[in-house]
Structure formats: C-alpha cells, structure tokens
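Hi everyone, thanks for coming. Let me put the model up on the screen before I start talking.

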Amino acid sequence: MTAPLVLASLLAAEAVVPTPARVDVAELAAIMAAVKAPGAQAVLVNVWATWCEPCREEMPDLVRFYRDHRADGLRLVLISADDDDQRAEVARVLGALGFVGPAFIKHGNDMTFIDALDPAWKGALPATFLFDAHGAKKRSSLGSVTYDDLRARVAGLLKRRKR
C-alpha cells in the first residue's frame, strides 16, 4: 500500500479515533530551541503543510524512520507552514500518524524563517534539514524524501544501539 493510501485509510477509519498531536504556534526562536535542545545525536527538521500533497505523501516515511531511530539518538521536529487557524487540522494529521514529538506551526516572517534554515532554500515544500548534535546544519533536502533517502543521509550521525 502506498503512503498516501496508508494515510488516507488512517484518517478515514471509523474504528480508530486518533489522538490529536500537540502542535504549538511558535516563532523562529522557539522552533530553533527545539532543534538545538541537548540530547539528540541528529535532528531532522521537516517543513510541510496539510495542503501540500507531496508533504503528506512523505510523512509516513518520516514518522516511521523517526520511530525506528529515536533510540539511536534521532529527534524529529515537524514545522507546518499552515496558517495558525489550521492548528486543529495539523494536530489531526499528525495524530493519525501517531507522531509524538515537537510539532509547530511557524509564526512570524517567512523570509527570516527560511533564511535561518537555509538561505539557498526558496521556501518550496516539503523541505527537510538535518542538524547534528551541536545544532549545526549538515544537509538540506529540498523536495520529498523517502525512508531510504533518510537512512542514507542520517545514519552517520546516529549512535548505534546494541540490539
């Protein structure tokens, strides 16, 4: 089953009532504090929107990759480009995926936000940024990413857990 179908089936299932995720409306400083907070070996930052079809298609892979690697030191910070009044919809989408982690709706000047993540980024969605344990940006992925893309790009920053 493809990612969009999985997401659609999760959202449409009557028997499953997902718990909405916690989503904070935040300025750049609060978002970057979550990115740079101690305790992670690597931090993936994904900028997306509920109205962006490629964003919603990649979201199951992002959340699955995070679940598979958070014990290795991965943090996933999701930032929605939706308007503040779409907070409930953002929470519903993330809740349907079972995402538990830092989730924000960006508030404030768009260009300041874009330039803080990557001055070469023009603001197109989706966009994913990789930061190391010290908060230094290591990679920008402009456009959709897959589970395999994430594995190839993030693996070197994660500690290996004993299995």
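Predicted model: local features only at pLDDT ≥ 70, side-chain atom pairs only at ≥ 80, totals over all residues.

Residues are numbered from 1 along each chain as its sequence is written, and side-chain values use heavy atoms, with hydrogens and water left out.

So, helix H5 spans residues 110–117, and its buried residues are Phe-113, Ile-114 and Leu-117 (buried is under 20% relative accessible area, with a 1.4 Å probe and protein chains only; helices are DSSP runs of H or I, at least four residues, and strands are E runs of at least two, numbered from the N terminus). These three lie on the same side of H5, because they cover an arc of only 95° around the axis, taken from the directions from the helix axis to the C-beta atoms.

Now the partner, H2. Leu-28, Ile-31 and Met-32 in H2 meet Thr-112, Phe-113, Ala-116 and Leu-117 in H5, contact being heavy atoms within 4.5 Å.

Finally, the loop between H5 and S5, where we find Asp-118. Is Asp-118 buried or exposed? Buried, with a relative accessible area of 10%. Leaving aside neighbours within four places in sequence, Asp-118 is in contact with Phe-129, Lys-137 and Ser-140.

Terms used: Buried < 20%, exposed > 50% of the residue type's maximum accessible area, 1.4 Å probe, protein only.
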